[in-house]
Amino acid sequence: MPHSTTAPTLGVGMVGYAFMGAAHSQGWRTVARAFDLPLTPVMAAVCGRDPEAVAAAAGRLGWAAAETDWRALIAREDVQLVDICTPGDSHAEIAIAALEAGKHVLCEKPLANNEAEAQAMVEAARAARDRGQVAMVGFNYRRVPALAHARRLIAEGRLGSLRHLRATYLQDWGTDPAGPLVWRMRKEKAGSGALGDLGAHVVDLAQYLTGEPITGVSAQVETFIRRRPLPGDPERTGEVTVDDAALFTGRLASGALASFEVSRLAAGRKNALTIEVNGAEGSLSFDLERLNELEFHDHTLPAAEAGFRRILVTEPDHPYLEGWWPPGHGLGYEHTFTHQARDLVRAIAEGGRPAPGFAEGLQVQRVLAAVEESARNDSVFTPVPLPARDEQGE
Ligand SMILES: NC(=O)c1ccc[n+]([C@@H]2O[C@H](COP(=O)([O-])OP(=O)(O)OC[C@H]3O[C@@H](n4cnc5c(N)ncnc54)[C@H](O)[C@@H]3O)[C@@H](O)[C@H]2O)c1
């Protein structure tokens with residue numbers, strides 16, 4: 001594995017240190033060990049609100065210092081990149097402040113809790129780009145090697161013109177009605193439920209894999225469990241103000257048909273993301289539970305030989321594999337965060353635009369908003385506004 005220890009440094013400051021904070025820390029710790037980078041990330045400081053807990057997290061996760069106010073983190077001279085791993089209600093405020101302070105930004109998905117916030121973030125990113133800063137959204141599943149490879153095959157035309165895309169993203173942690181009313185079930189914190197949490201990923205993947213925007217949707221959403229015990233006070237309950245599940249169909253710009261199902265109440269399904277694309281000349285199929293594999297059917301072969309075959313995506317010329325192990329020695333979930341860090345650091349060093357930028361995050365938000373609008377209107381087909389010309393590539 002190459003090491004890039006003599007390169008100039010990039011100071012990273014991260015806000016939030018729980019699930020995504022731990023995953024991003026893993027990425028920052030490993031990225032310069034696995035890949036040759038023009039800049040070496042330095043884990044300068046992590047921010048939380050509880051002084052003791054954030055100091056403990058800094059030690060555990062490998063951050064040099066701890067802060068208790070994200071404004072102080074942004075102001076640090078040793079921080080050039082702000083990595084936002086907090087719930088969606090704080091993404092816009094932190095990201096815009098960081099961009100205005102001259103910092104690069106990586107922001108977890110969904111970009112914001114609504115379209116207006118996402119729009120303001122795109123505008124801040126555009127102004128910052130003119131000053132040489134970059135802004136990226138953490139849609140980490142783009143960095144699963146099999147999915148990056150799938151995109152490459154589709155872009156090369158191996159599937160021909162696209163007809164279908166079907167995606168599911170299913171979890172079951174919401175199944176028990178005794179489960180507490182965590183922030184993910186409150187609209188003012190999370191924006192939406194399974195839709196923004198899981199749906200954002202599959203909407204982004206659909207647009208990423210095909211290179212086409214979703215142009216309209218027809219949707220149903222449901223909240224099966226309407227009240228839940230309050231965290232820390234199980235005798236009292238509060239209202240669940242987001243969806244538990246969303247089911248929607250849509251169209252891609254080429255006219256291909258797409259379907260999506262996302263749920264937190266799919267008993268037995270833990271983190272089950274599947275996506276399949278069918279074209280005139282072939283099909284691709286992916287299952288996150290077997291993330292080193294990609295199923296490919298080449299429909300141009302004679303029927304007697306054709307059929308889905310399993311590509312083990314662990315060869316050195318598969319995306320991201322040059323940094324890792326010999327063929328057949330598979331990767332896992334955590335590697336997506338290392339790959340995300342790699343792509344972002346390279347874009348910063350090369351003055352490029354990392355993908356997905358904030359405009360792509362906004363476009364996902366527009367699809368989510370159209371899903372909610374359609375669901376409110378008895379599933380009527382609801383067009384999704386296409387990106388404005390000056391948003392593209394932001
Ligand atoms: N890319 C993925 O696959 C993925 C997976 C899970 C979550 N997420 C996204 O990551 C974000 C965080 O989710 P999570 O699962 O890590 O949540 P979490 O509850 O595990 O962690 C949230 C963290 O933010 C901190 N925090 C909240 N408000 C803060 C503030 N004002 N200042 C400083 N710290 C603050 C909390 O203390 C906690 O450390 C969300 O946007 C979520 O949608 C992405």
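Helices (H or I, at least four residues) and strands (E, at least two) are taken here as DSSP runs, numbered from the N terminus. Just after helix α4, G102 takes a positive phi of about 90°. The structure is a predicted model, in which local features need pLDDT of at least 70, side-chain atom pairs count only at pLDDT 80 or more, and totals for chains, interfaces and linings use all residues. Residues are numbered from 1 along each chain as its sequence is written.

## Domains and their contact

The protein chain is assigned domain 1 (9-140) and domain 2 (144-328 + 356-382); such bounds come from an automatic or database domain assignment. The C-alpha centres of domain 1 and domain 2 lie 25 Å apart. To the contact between them, domain 1 brings 21 residues and domain 2 brings 23 residues. Two residues are in contact if their C-beta atoms, placed from the backbone, lie within 7 Å.

On the side of domain 1 that touches domain 2, α5 and β6 (135-138) each supply at least two residues. The most comes from α5, with 6 residues. By class, this side of domain 1 holds 14 nonpolar, 4 polar and 3 charged residues. In this classification Ala, Val, Leu, Ile, Met, Phe, Trp, Tyr, Cys and Pro count as nonpolar, Asp, Glu, Lys and Arg as charged, and the others, Gly among them, as polar.

Residues 11-133 are 47% helix and 20% strand, and their end C-alpha atoms lie 14 Å apart. For residues 148-284 the content is 21% helix and 40% strand, with the end C-alpha atoms 12 Å apart.

In soluble globular proteins, nonpolar side chains tend to be buried together. A nonpolar core is defined as a set of buried Ala, Val, Leu, Ile, Met, Phe, Trp, Tyr and Cys residues joined through C-beta atoms within 7 Å. A residue is buried if 20 or more other C-beta atoms lie within 10 Å of its own, exposed if 12 or fewer, and partly exposed in between, with C-beta atoms placed from the backbone.

The largest nonpolar core has 116 residues, of which V46, V82, A95, M121, V202 and V371 touch the most other members. Domain 1 and domain 2 both give residues to this core, so it lies between them. Apart from neighbours within four places in sequence, V46 is in contact with M14, Y17, V54, A57, A58, L61, W63 and A66. A second, separate core of 5 residues includes L181, M185, A190 and V242.

Helix α4 (residues 91-100) is mostly covered, with 7 of its 10 residues buried. These buried residues are H91, A92, I94, A95, I96, A98 and L99. Their cover includes β1 (9-15), α3 (70-75), β4 (81-84), β5, α5 and β6.

## Surroundings of the ligand

The ligand is surrounded by 21 residues, and the closest are G16, A18, F19, M20 and E108. A residue is near a molecule if its C-beta atom, placed from the backbone, lies within 6 Å of it. Helix α1 (residues 19-34) gives the largest share of this shell, 3 residues. The shell divides into 9 nonpolar, 8 polar and 4 charged residues.

## Backbone features in loops

| Cis peptide bond | Omega |
|---|---|
| K109 to P110 | near -15° |
| A355 to P356 | about 0° |

P110 is placed in the loop between β5 (104-108) and α5 (115-129), while P356 lies in the loop between α9 (335-350) and α10 (358-376).

D378, which is not a glycine, has a positive phi of about 55°. This residue is found in the loop between α10 and β17 (382-383). D378 is exposed, with 8 other C-beta atoms within 10 Å. S379 is placed in the loop between α10 and β17, and its phi is positive, near 70°. With 16 C-beta neighbours inside 10 Å, S379 counts as partly exposed.

T241 lies in the loop between β10 (233-239) and β11 (245-252). T241 is partly exposed, with 16 other C-beta atoms within 10 Å. Its C-alpha atom is separated by 8.4 Å from that of E188, 53 residues apart along the chain. Beyond its neighbours within four places in sequence, T241 is in contact with R186 and K187.
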